Amino acid sequence: MGGPTRGIKPQTTKLLGSLGHANPSTMIRFLGVQLDNKLEWSTNTDAVYKKAMSRLYFLRRLRSFSVCSRMLHMFYQSVMASTIFFAAVCWGAGIKAKDANRLNKLIKKAGSVVGCRLANLDEVVRDRVVLKLQTIMENPSHSLHNTVDKLRSSFSNRLLQPCCSKERYRKSFLPSAIRLYNSSLPSQ
């Protein structure tokens, strides 16, 4: 009566188990990025903020030992900025303003410790998103290459904005990357 499937667990259980909890009302952590069931980035931003605050403590400790500004900047770039901006291409355009402000204040605090102005979240996200889009446009084997290639304008170097019926899609990678790419082109 049990048949040949007795004792075999479904593959989806293994997959969901490796991603995190299978409960749809919670968040999962995948490749270092935390996602909730509404696909909002507040959970991820909280985790990034917490990690960056612990790294800011070490940056302040280094300054208390009279480490030169150049070494402090190197520490910031290698330890703190890598934590703050990890996967920013994915979540940078979709975070709420209050979360962006929290991270920008943290970067500003780190800048005062280092002793120089550091690039804020908006600048870094803009640069990385545009660079990723240019990489996609130059690489014919990329899965988004054909999609982006179809959006090229026949009159200029600009890309046509895809139709976005939902705000969530408007804030996703491709529409926001095209918007930033078009704004970075020189005016004609």
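How much of the chain over residues 74-95 is helix, how much is strand, and how far apart are the end C-alpha atoms? In this predicted model, the span is 68% helix and 0% strand, with its end C-alpha atoms 27 Å apart. Residues 74-95 are those at which UniProt, in an unreviewed entry, places the feature "transmembrane region"; UniProt positions follow the numbering used here, feature names are shortened, and annotations may be inferred rather than shown by experiment. The unreviewed entry in UniProt also lists residues 41-79 for "domain: Alkylated DNA repair protein AlkB homologue 8 N-terminal", and this span is 87% helix and 0% strand, its end C-alpha atoms lying 22 Å apart.

Residues are numbered from 1 along each chain as its sequence is written. Because the model is predicted, local features need pLDDT of at least 70 and side-chain atom pairs count only at pLDDT 80 or more, while totals for chains, interfaces and linings use all residues, and side-chain values use heavy atoms, with hydrogens and water left out.

The secondary structure comprises nine helices and two strands, where helices (H or I, at least four residues) and strands (E, at least two) are DSSP runs numbered from the N terminus. Along the sequence these elements follow the pattern α-β-β-α-α-α-α-α-α-α-α. Of the 188 residues in the chain, 32% count as buried, a class defined by under 20% relative accessible area, with exposed meaning over 50% and partly exposed in between (1.4 Å probe, protein chains only).

Four salt bridges are present in the structure, each being a side-chain nitrogen of Lys or Arg within 4 Å of a carboxyl oxygen of Asp or Glu. One of them joins the side chains of aspartate 46 and arginine 102, at 2.7 Å from N to O. Since aspartate 46 belongs to helix H2 and arginine 102 to helix H5, this pair ties together parts that are 56 residues apart in sequence. Aspartate 46 is partly exposed, with a relative accessible area of 38%, and arginine 102 is likewise partly exposed, at 30%. A salt bridge is also formed between arginine 117 and glutamate 123 (2.6 Å, N to O), and arginine 117 is exposed, at 60% relative accessibility. In the pair made by arginine 152 and aspartate 149, the closest N and O atoms are 2.8 Å apart; arginine 152 is partly exposed at 37%, as is aspartate 149 at 38%.

On the surface, Arg60, Arg63, Lys105 and Lys109 gather in a patch of positive charge, to which helix H2 (42-64) and helix H5 (97-114) each give two or more residues. Such patches are made of residues with over 30% relative accessible area and no salt bridge, like charges being joined within 9 Å and nonpolar side chains (Val, Leu, Ile, Met, Phe, Trp, Tyr) within 5 Å. Within this group, arginine 63 is found in helix H2 and counts as partly exposed, at 42% relative accessibility.

Backbone geometry was examined in two loops. Most residues other than glycine have a negative phi. Serine 66, however, has a positive phi near 60°; this residue is placed in the loop between H2 and helix H3 (69-84) and is exposed, with a relative accessible area of 67%. Alanine 87 also has a positive phi, near 60°, and lies in the loop between H3 and helix H4 (88-91).

Key: Areas by Shrake-Rupley, 256 points an atom, 1.4 Å probe, with all protein chains shown as cover. Lys, Arg positive; Asp, Glu negative; His and termini not counted. Charge placed at Lys NZ, Arg CZ, Asp CG, Glu CD.
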